[in-house]
Amino acid sequence: MRDTPYLAVDEQLFEANLTAMAEHARQLGVALRPHAKTHKSAEVARRQLAHGAVGLTVATVSEAEIFADAGFDDLFIAYPIWAEGPRAPRLQALAGRVRLRVGVDSIEGARMLAHAVASGEHPAPLAVAVEVDSGHHRTGVAPDQAGTVAAAAAEYGLRVDGVFTFPGHSYAPEARASAAHDEALALEIAREALLGLGLACPVVSGGSTPSADAAEGRASGGVLTELRPGVYPFFDAQQWELGTAGPGRIALTAVATVVSVRGSRVVVDAGNKVLGADRAGYASGFGRLPASPEARIVALSEHHATIEFSAADAAPALGSRVRIAPNHVCAAINLADELVVEQNAREVTVWTVDARGANT
């Protein structure tokens, strides 16, 4: 028996989630390029590719380096990199050994990328995709400006793959379908902006786990050619509360021990250094218990979570173990060195979180 707390993966649920998303992508007629920032694990990534994924999406250059070292050769860094300082030669080295695509959302950013991979003795090929804002209002140009950035990137000698967006505003109650619609509209405008300038646009990339069910792919006349969900292998309390997936599909939980009991209120030994501290405005607590849907985590400190049980759920006894779905699985995994893989609640193996803390 392991000491608690630790993160456990139900392998059967995990595999079912991989299968379901891979089949969904096939039905949409799109390529699946899952976001590895969720799991940061080479073993999870290998299983995603075994289910038909064409490559990986990553969040940082250091994540890309780690996955390249693990043998993954088709990577998309899906944010606008500012290729200055030590990051520039790192990017060039990566582009020289894998098929690398990078996000860009400005002419200045495209110029920096081109200089980074063309300088020195070993110029390297680099593909870019222009990021457009489809409603999340984080990064990305206005959709009708995508052609201007793409044309500049091509002029600087970069290969332009196409356009992409992140419909992050799908992370809100009742917003999953509308965010997918916004995504489709923005990407269609962006694609037409490239085509109108005589530029090819083979890649039209989007997707998030909440909006994936409503995504509009080529099979139904939609614009998407590529889908980039991240959370779907595990799901989490956020996806449960958004209605993306019920508690029966949550494949990763934190196993914790009850260390104090006061009536219906118990304290367990997993705090924000295990569960992460994320709590969206719509969240009902600091995580959820799939086996006790009415329970609420009402307080979270570094090493403890306080859980209030309802009359419908008897509070667990002192020393017993509970399983908590973190609000945000990506944040929880980034705090862990390993994931304990289980079948029927029995440990069968351990997966390393290879890219833990790879944030540069």
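**Group meeting talk: pockets, sheet and a covered helix**

About 50 Å³ of space lies in the largest cavity. A pocket, by contrast, is an open set with protein on both sides within 12 Å along at least five of seven lines, and lining residues have an atom within 4 Å of a point. Grid points are joined across faces, edges and corners, and a volume is the space filled by probe spheres set on the points.

Some ground rules. This is a predicted model, where local features need pLDDT of at least 70 and side-chain atom pairs count only at pLDDT 80 or more, while totals for chains, interfaces and linings use all residues. Residues are numbered from 1 along each chain as its sequence is written, and side-chain values use heavy atoms, with hydrogens and water left out.

Back to the cavity. The search of the whole structure finds one cavity of 30 Å³ or more. Its lining includes Glu-131, Asp-133, His-136, Arg-138 and Phe-166. By class, that lining divides into two nonpolar, six polar and three charged residues. Here Ala, Val, Leu, Ile, Met, Phe, Trp, Tyr, Cys and Pro count as nonpolar, Asp, Glu, Lys and Arg as charged, and the others, Gly among them, as polar.

Now the pockets. The largest pocket holds about 560 Å³ of space. It is lined by 28 residues, and His-35, Lys-37, His-136, Arg-138 and Phe-166 lie nearest its centre. Eleven of the lining residues are nonpolar, twelve polar and five charged. Strands S3 and S4 each supply at least two residues of that lining. Helices (H or I, at least four residues) and strands (E, at least two) are DSSP runs, numbered from the N terminus.

The second largest pocket has about 240 Å³. Its lining has 17 residues, with Asp-10, Leu-13, Ile-250, Thr-253 and Arg-323 nearest the centre. Strand S1 (6–10), helix H1 (11–28) and strand S10 (252–262) are the elements that give two or more residues to this lining. S1 gives the most, with three. By class, the count is ten nonpolar, four polar and three charged.

Next, the sheet. Strands of a sheet pair through backbone hydrogen bonds, either parallel or antiparallel. Two strands pair if DSSP finds at least two bridges between them. Our open sheet has eight strands, in the order S2-S9-S8-S7-S6-S5-S4-S3, with parallel pairing. Strand S2 (31–32) and S3 stand at the edges with a single partner strand each, so one side of each is left without a neighbour in the sheet. S2 pairs with strand S9 (residues 226–227) over two bridges. There, Leu-32 has Leu-227 as its bridge partner.

Further in, S6 and S7 pair in the parallel sense over five bridges. Ala-127 stands opposite Arg-159 in S7. Is S7 mostly covered or mostly open? Mostly covered: five of its six residues are buried. Buried means under 20% relative accessible area, exposed over 50%, and partly exposed in between (1.4 Å probe, protein chains only).

Helix H5 (residues 107–118) lies across strand S5 (99–104) and strand S6 (127–131), at about 155° to S5. Helix H7 (residues 176–196) lies across strand S7 (159–164) and strand S8 (203–206), at about 155° to S7. Axes are lines fitted to C-alpha atoms, for helices over the stretch in contact, and angles run from 0 to 180 degrees between N-to-C directions. Contact means heavy atoms within 4.5 Å.

Helix H3 next. Why is H3 (residues 61–69) largely enclosed by the rest of the structure? Because seven of its nine residues are buried. Among them are Val-61, Glu-63 and Phe-67. The cover includes helix H2 (42–50), strand S3 (56–58), strand S4 (74–80) and helix H4 (87–95). Just after H3, Gly-71 takes a positive phi of about 105°.

Last, a hairpin. Strand S15 (residues 338–343) and strand S16 (residues 346–352) pair in the antiparallel sense over six bridges. Glu-338 has Thr-352 in S16 as its bridge partner. Two residues sit between the strands, and Asn-344 in the turn has a positive phi of about 55°.

That's my tour. Questions, please.

Key: 1 Å grid on protein atoms, 1.4 Å probe; cavity = no way out; pocket = protein on both sides within 12 Å on 5 of 7 lines; lining within 4 Å.
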